[in-house]
Amino acid sequence: MNVYHRKLYALLLCSNSVDQAYTICKTLKCLQANTDALRKWWCIESNKLGELAADISSSSDRVNLPINPISAGDKIEIRHPISGQPKEIDATSNINLIASIPKHVIEDTDVEKVFWWFWRFYPELLASKQHDALLFPAHRVIPDTPMHSYASTVSAVVGAMFPNEWESEKPQTPYLLLFTFSPVQEFIKSSRKFLDFWAGSYLLHYLSAKLCWYIAEKYGCDAVITPSLWGQEIIDALIVKYKIKDDFQSTLIRPDPVKLFETSGSTSLSTAGFPNIITALVPGEVAAKALAKELKLQLQKEWQNIAAGVREDIKNRVIKWLQKSNNIEKNSEFLIENPECDRRDLEKWLQGGCWEWNQLWNAQINNTWESYWTALPLGNPEQELVISNSADSDLKKWKQAQEVVAPSRFQETPLPAEENLYKELNVGTWWGNAQSRLGRVIQAVKNTRNWQLPASPGVRSTLSGQLSAVHPQLSYKEQFREGAGLTSASMRLFWRLMSLVYKNLFNGSEQLNAIELTKRMGWVYGGVATSLGISISDNEEIDYEKLIRFPNLSSIASAKFTFDNLPTVRNYWNNLNILMQSEFGKEFEHLTRRPFNIYNTDICMNSDKLNGVMFSAKWLADDMNLQGEKVSTLRKIVDQAHKESGFADGSPSDWWVIVLADGDGMGDYVSGKKLGKYNEYIIDSAIDKTQLDSENLQELYAATKRMGPATHVGLNRALLDFSNRLVPYLTEKRFCGKVVYSGGDDVMAVLPLEDLPEYLLSLRAAWCGQADPCDEFAAGDGYWTPKKPIEGIPNRSLFTMGENATMSVGIVIAYKSVPLPTVLENIWQAEKERAKKLPKKDGLCFRVIYGGGNTLEAVMKGKLLEDWYKFIQSPSEELSPLLFRLAEELPLRASVTENHQLFSKVADTIMSRRDESKKLENFAEISNFLNAWEEWVKELKPEDLSWEKWNEKLEKKEYLGTHPDDLGNILRFSAFWASKMVQRQNWRSTSQVLEVPV
């Protein structure tokens, strides 16, 4: 009997009624020979070792609160795991699932493979038989954790307590390992094209997913606590490739993730969502240390393999391209234009032995990542995992020992109410403390880092300015480390050649280092896609955007305008095509007659696809590899087409938006600090109170609930509803955006300017379970439930973080010429340094970056968003000038007062003096927003502070977002947004629409 026999037995016993679990165990061939031994290990032997793992997974509260044996009836009450909001679901009927288990699973003797099947498919099999089965609670007294999450937690704890080498009666002490790696922001930021931006985010996700897969193969798919692996499409793709091939179709009656991706049914496989922080539960200290070292090596191995694939592909394709006689003329043109370049370089690159760049690649690739880890036992290893709360037990000494390992921070562990009520305590009670300490320790480890970049001879990367740009003859050894022996002309020639070999991937002028090359080319040429089972064509010319299902910047910016005004856009393309034919012919048509890779925009165009790159001379020239005078010619043609199509004062691709959202205080939820009182989670009628002290029970009700192991795992799984289902649907189906990263509580998305306000309203509502602004989902119980079937959304209740949860959001609106690294630097600052710094967080920071580099910033409390949208949702010609006037006047003429609401009164006065033709019908909405802003500022005033002292603090700007100048900036930003919406209305009305088939 091995560890997977025990894990599978635990998983089944905690996922079903006892009778059904035993029946399934006896039916499975892989368990039949060990059923009796497993039953003894679970519940008959003196220590009831299996049950101990179940108790630790529950944490001590559920172990000690007995259940009222009276039947719950046809309905079961559950509680939201964070907010404690009540919800009623149907009680599970006695479903005979044995008949639904595939025959090959029943007959399989490979217990590890069968365990994987039950872990991944069994919960969904149950859900296919009964609505909301995935919410069915593990316990009736505190029903905040779904049964399938609890069962996975128990099997993970079993694996850590009773590993393969376990033989004695004493279980192993489980260890929590936290592993992370960096850099993150710098890796993403070195980007020029949207492709680089996507690739940086995606490769971080991919590497983290592959590390999680390594842990899963070693200790089981349940051993990874954070992030949850269940239902993650990249993990499902690996399951299909390496574990279980056909069961998505045969069991779940749906295509597997790879088939969905290849048929454009889903883009999840090319969407990032895994964090770079991994927490796993492993059997003991030795295993934790060994796994940390293995993960560090595995990270390097995965990254090196991708880089090696890219490096070899470049060498092979360049040689193959140079061998073709019809390519000589293309190089000759460049050599004539650049006489300082030497044709002999091309002759060298034809010889495989003349490529001397391996050491340079290795120096850069091998120094890309720095990894950090820490490990902590779940309970003091010198003590038992559980202790009786009786007079003769050494409870005080035992508790002190647990505090040494995982000290309490915001409240005592256990609370007196818990200790007085509970019959026994186990180490699961210290789970929240352990998670909190892991976070503090890993930060301390990061602070000790001593990371150095390798020497960088010769020309540096034109993308980031860091590290040497690669070149076949840039030998990285001895005296050449200082850059001797390589001319800049040779470097230019090589990168011009790269733009010809890899059309549309390089523009001929950029020069990249090995890390940047690996990022940009890794999906196709580094083997990332094929490692997930995605087939890649061997065609020499590859449409990278199509392969990764990710749009370019121009397509993002113009997506909503195209969706709303397709005849106008078709007319523009027709005008541009006529102008382009004489100069550039078919190459232009090839680049612009392809999808936007924005779902709604592509759907509205049917089969006659267009691409947003047609609006941008810069990116058209880039994709067409144009140089010198040809770029100027193209720019004039694009400008002329804009004028002929009614876009004289701008372009639909001028402005684009990036949003970065992060849940507030997630660490406090995991540690238990932000959870409610026990009475919000406990079903009083479900408790058998005959053996409990009433006074102790009431004290427990008034205490803050703890975060137990199963609740934490359940939270991680449930967050997938938000990050993997609601966020992609809202971003890509409700609006014309694209998800860059969505994992847990973190969201990064890009979208057109028009969609911004309503997108923010929808995203925030989905996070905290408020009413859906578009009324597609029912809300009110901490979940969003589709009112009718929605494509791509499961027809069940979807988890949100519940009432009172907030998120802070950074928003950057960038002009098309602003460099991508500048945009990314600003979005991280806007979210972390501004939105998160508003009093009590829940902030929004809007930052507009103009083409000349100037910025406009406005910060606003999240709860004001709805009132703000009401006055800008129907912009008119008169709105923007009025808002600019108010932005100038209000900070000078009004201040926050106790009762007078001066801001709205001053605004009313200004409005009353305007000509009748310039007055606004919805001016009352502006007044309402001004009053709401002032009320928010007043709410922040401490009760013991006088109004005089409070205004002194406001004048000193001690509280971000509360000064009248901050209100002025909100109005300026509102004026900016309104003016851009009016501009689009004017384009629509003035364009001469010629609906010509293209």
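These legends walk through several close-up views of the structure above.

The model is predicted, and local features need pLDDT of at least 70, while side-chain atom pairs count only at pLDDT 80 or more and totals for chains, interfaces and linings use all residues. Residues are numbered from 1 along each chain as its sequence is written, and side-chain values use heavy atoms, with hydrogens and water left out.

**View 1. An open sheet of 4 strands has the order 4-5-3-6.**
Strands here (E, at least two residues) and helices (H or I, at least four) are DSSP runs, numbered from the N terminus. Pairing in this sheet is antiparallel; two strands pair if DSSP finds at least two bridges between them. Which strands sit at the edges? They are strand 4 (224–226) and strand 6 (370–377), and each pairs on one side only. On average, neighbouring strands are turned by 25 degrees against each other, direction ignored. Between strand 3 (residues 174–182) and strand 6 there are 8 bridges, and Tyr 175 has Pro 377 in strand 6 as its bridge partner.

**View 2. Helix 11 lies across strand 3, strand 4 and strand 5.**
Helix 11 runs at about 5 degrees to strand 5 (277–283). Angles like this run from 0 to 180 degrees between N-to-C directions, and axes are lines fitted to C-alpha atoms, for helices over the stretch in contact. Helix 15 (residues 285–323) packs on the sheet too, touching strand 3, strand 5 and strand 6. The direction of helix 15 makes about 20 degrees with that of strand 3.

**View 3. The largest nonpolar core has 353 residues.**
A nonpolar core is a set of buried Ala, Val, Leu, Ile, Met, Phe, Trp, Tyr and Cys residues joined through side-chain atoms within 4.5 Å. Buried means under 20% relative accessible area, exposed over 50%, and partly exposed in between (1.4 Å probe, protein chains only). Phe 118, Ile 314, Trp 523 and Trp 656 have the most contacts inside this core. Helix 11 (residues 194–219) gives the most to the core, with 17 residues. Pick out Trp 656 and you'll find that its contacts include Phe 194, Leu 553, Val 750 and Tyr 815; contact means heavy atoms within 4.5 Å.

**View 4. Helix 27 passes helix 31 in a right-handed crossing.**
A crossing is right-handed if the near helix is turned clockwise from the far one by less than a right angle, and left-handed if anticlockwise. The axes of helix 27 (residues 566–581) and helix 31 (residues 629–644) come within 9 Å and cross at roughly 145 degrees. Among the residues making the contact are Tyr 572 and Leu 576 of helix 27, along with Ile 637 and Ala 641 of helix 31.

**View 5. Strand 13 pairs with strand 12 and with strand 14.**
Strand 12 (residues 777–778) runs antiparallel to strand 13, joined by 2 bridges, with Phe 777 opposite Pro 786. Their hairpin has 4 residues between the strands, and Gly 780 takes a positive phi near 120 degrees there. Along strand 13 (residues 783–786), Tyr 783 and Thr 785 point one way and Trp 784 and Pro 786 the other, yet all are buried. In strand 14 (residues 798–799), Leu 798 is the bridge partner of Trp 784.

**View 6. Cys 25 is buried, at 0% relative accessibility.**
A search of the whole structure finds 0 disulfides, a disulfide being a pair of cysteine sulfur atoms within 2.5 Å.

Notes
Lists of a residue's contacts leave out its neighbours within four places in sequence.
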